[in-house]
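Please read them with the structure open.

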Amino acid sequence: MKGQKAAAPSRAAEKGRLGTTVGSVLQKREVSLAILLVIFGACLTAATDTFLQIANFRVLLQGMATDMMIAIPMCISLIAGNIDFSAGSALCLNGAICGLMMNHGASVPVAILVGLLCGFLLGALNGAIINQLGLTPLVATMGTWMAYRGAALVLLGGGTLSSFPESFLILGRATVLGVPITIVYMLIVVVAGILLLKYSNFFHNAYFIGSNKASAKLAGINVERFTVITYAITGAIASFAGIILAARLGSCSQNAGESLEFRNVVGLLVGGVSMDGGVGSVLGAMLGVMLMQMVGNAITLLYLNTSYTKLINGCILILAVGLDVLLKKKKAKV
């Protein structure tokens with residue numbers, strides 16, 4: 001009898017530990033997001049006949065590639081507490097610069113190099129404005145978001161650039177073992193982001209800077225240099241994404257990259273990257289961007305008015321930020 005009585009509490013303790021373990025796993029943003037994506041996918045499969053078709057997945061992944069490439073450096077910057085709202089405008093502007101150069105006789109390699117360099121410099125300018133003028137990242141990049149988009153509109157003159165060389169178009173239309181090359185580019189950037197954030201001391205400093213910038217400076221971390229370099233990398237990746245998008249579509253439009261920065265910021269917040277910095281992962285960022293892309297895909301497949309996209313994205317943003325605030329309050333009480 002004593003043995004049976006002792007066994008009962010033991011089984012109860014095991015169940016309690018199991019429940020605690022399951023609960024802690026489900027509390028991880030990446031796990032809960034992955035489950036949400038599976039449920040969302042199952043609902044779309046039941047509601048439509050086209051979601052699981054290869055053609056739809058191809059469109060979904062190719063559309064995701066542009067956002068995802070830019071989301072990775074944006075994720076690292078946001079972990080350090082530096083938000084970037086200028087990435088979509090930089091994509092449009094530098095794609096236009098590259099396209100204009102080719103239309104005026106520049107060779108494809110030269111046009112691409114100039115476009116990438118301009119993206120790098122415009123990104124670095126964001127960091128310099130923050131460091132030298134003391135503006136918050138939000139204000140600084142909102143200003144450059146408008147300035148870069150305006151510059152793109154001036155260069156494009158309200159029109160669209162096209163008639164690019166075939167050697168340029170293939171950069172966005174080729175396939176590797178049947179996989180569109182844009183998806184390959186995306187995977188390379190994602191893997192590089194994961195490895196750099198985890199194994200590079202320089203990029204891993206994002207967590208220390210985002211948690212406490214003053215303490216990071218006292219620890220010998222050059223916060224100003226980190227800010228400039230990470231913004232410059234975001235600008236260069238945004239430029240690369242814009243160039244590849246132009247190559248895939250065969251044109252440069254003034255609407256390229258429109259609302260991209262807002263989609264990505266919402267995706268990053270949904271993926272567990274905190275607005276205050278110090279928290280986040282590339283995996284979470286990936287899942288958040290995937291969710292945003294699936295929302296857009298669902299609206300298309302269900303033949304809904306595209307205006308619902310902004311409505312839904314806004315609601316997701318409020319929920320994500322609200323959840324972030326609630327979790328911080330809960331941790332503070334503990």
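Leaving aside neighbours within four places in sequence, which residues is Ser239 in contact with? Point 1 takes this up. The model is predicted.

1. Ser239. This residue lies in helix α11, which spans residues 223-249. Beyond its neighbours within four places in sequence, Ser239 is in contact with Asn94, Gly115, Leu116 and Gly119. The relative accessible area of Ser239 is 0%. The cut-off for buried is under 20%, so Ser239 is buried.

2. The core. The largest nonpolar core holds 87 residues. Ile70, Phe168 and Met186 touch the most other members. Helix α3, residues 54-79, supplies the largest share of this core, with 13 residues.

3. Met186. Not counting residues up to four places away in sequence, Met186 touches Met64, Ala65, Met68 and Met69.

4. α3 with α8. Helix α8 covers residues 181-199. The axes of α3 and α8 are 8 Å apart, and the packing angle is about 20°. Angles under 35 degrees count as roughly parallel, so α3 and α8 are roughly parallel to each other. The crossing is left-handed.

5. Thr182. Is Thr182 buried or exposed? Its relative accessibility is 3%, so Thr182 counts as buried. Setting aside residues up to four places away in sequence, Thr182 touches Gln62, Ala65, Gly172, Ile244 and Arg248.

6. α3 with α11. Here the axes come within 8 Å and cross at roughly 175°. Angles over 145 degrees count as roughly antiparallel, so α3 and α11 are roughly antiparallel to each other. From α3, the residues are Gln62, Thr66, Met69, Ile70, Pro73, Met74, Ile76 and Ser77. The α11 residues they meet include Phe226, Tyr231, Ile237, Phe240, Leu245 and Arg248. The contact has 13 nonpolar, 5 polar and 1 charged residues.

Definitions and conventions: Residues numbered from 1 in each chain as written. Predicted model: local features only at pLDDT ≥ 70, side-chain atom pairs only at ≥ 80, totals over all residues. Heavy atoms only, no water. Core = buried A, V, L, I, M, F, W, Y, C linked by side-chain atoms within 4.5 Å. Buried < 20%, exposed > 50% of the residue type's maximum accessible area, 1.4 Å probe, protein only. Helix = DSSP H or I, 4+ residues; strand = E, 2+ residues; numbered from the N terminus. Contact = heavy atoms within 4.5 Å. Axes fitted to C-alpha atoms, helices over the stretch in contact; angles between N-to-C directions. Parallel < 35°, antiparallel > 145°, perpendicular 65-115°, else oblique. Left-handed = near helix turned anticlockwise from the far one by under 90°. Nonpolar A, V, L, I, M, F, W, Y, C, P; charged D, E, K, R; others polar.
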